[in-house]
Amino acid sequence: MNSNKIKKIIYSILKEILEGDSIPTASDYEIAEDQFFEIINLMKNENYLNPKKVTFFVTGDLHIQKSIDTVTMKGIEFLEQNNKWSKVYKGIKEFREFLPI
């Protein structure tokens, strides 16, 4: 997966946590769960997501709490730095159209 695609998935996840109705899943992006978990882990390590709001279970499940402080200020800054995508990003349902850009 190229870095531009990863950045767009990160953008989408942050946007959906802040403004969407639900937390996205791997199937929303048509990627494997292990890739999705790696991206979430990257977001946690980069401090885009509050680590207290993201839980990886031994069973292989993942839970992201949707609350006001799930996305950190650094995550909000990532969204602002990539605001050029906000004009074309219409939500998770149309993500596939957003991805090629």
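Predicted model: local features only at pLDDT ≥ 70, side-chain atom pairs only at ≥ 80, totals over all residues.
Visitor: How far along the helix are Glu 19 and Lys 15 from each other?

Guide: They are four residues apart in helix α1, and therefore separated by about one helical turn. Helices here are DSSP runs (H or I, at least four residues), strands are DSSP runs too (E, at least two), and both are numbered from the N terminus.

Visitor: Why is Glu 19 called exposed, and what is Lys 15 called?

Guide: Buried means under 20% relative accessible area, exposed over 50%, and partly exposed in between (1.4 Å probe, protein chains only). Glu 19 has 56%, so it is exposed, while Lys 15 has 19%, so it is buried.

Visitor: What makes Glu 46 and Lys 74 a salt bridge, and which parts does the pair tie together?

Guide: Their side chains meet at 3.9 Å, N to O, which counts as a salt bridge. Glu 46 lies in the loop between α2 and β1 (54-56) and Lys 74 in helix α3, so the pair ties together parts that are 28 residues apart in sequence. Glu 46, at 33% relative accessibility, is partly exposed, and so is Lys 74, at 36%.

Visitor: How do you know that Lys 53 and Asp 69 form a salt bridge?

Guide: The N to O distance between their side chains is 3.3 Å. Lys 53 sits in the loop between α2 and β1, and Asp 69 in the loop between β2 (62-64) and α3, 16 residues apart. Lys 53 counts as buried, at 15% relative accessibility, whereas Asp 69 counts as partly exposed, at 36%.

Visitor: What makes a set of residues a nonpolar core?

Guide: The members are buried Ala, Val, Leu, Ile, Met, Phe, Trp, Tyr and Cys residues, joined through side-chain atoms within 4.5 Å. The largest nonpolar core has 23 residues, and Ile 13, Leu 14, Phe 36, Ile 40, Met 43 and Leu 49 touch the most other members. Helices α1 (3-19), α2 and α3 (73-81) each supply at least two residues of this core, and α1 gives the most, with six. In soluble globular proteins, nonpolar side chains tend to be buried together.

Visitor: Is Gly 20 called buried or exposed?

Guide: Gly 20 has a relative accessible area of 16%, so it is buried. Gly 20 lies in the loop between α1 and α2, and its C-alpha atom is 9.7 Å from that of Lys 66, 46 residues apart along the chain.

Visitor: Where is Ser 86 found, and why is it called partly exposed?

Guide: Ser 86 is in the loop between α3 and α4 (95-98). At 35% relative accessibility, Ser 86 counts as partly exposed.

Terms used
Residues numbered from 1 in each chain as written. Heavy atoms only, no water. Salt bridge = Lys/Arg side-chain N within 4 Å of Asp/Glu carboxyl O.
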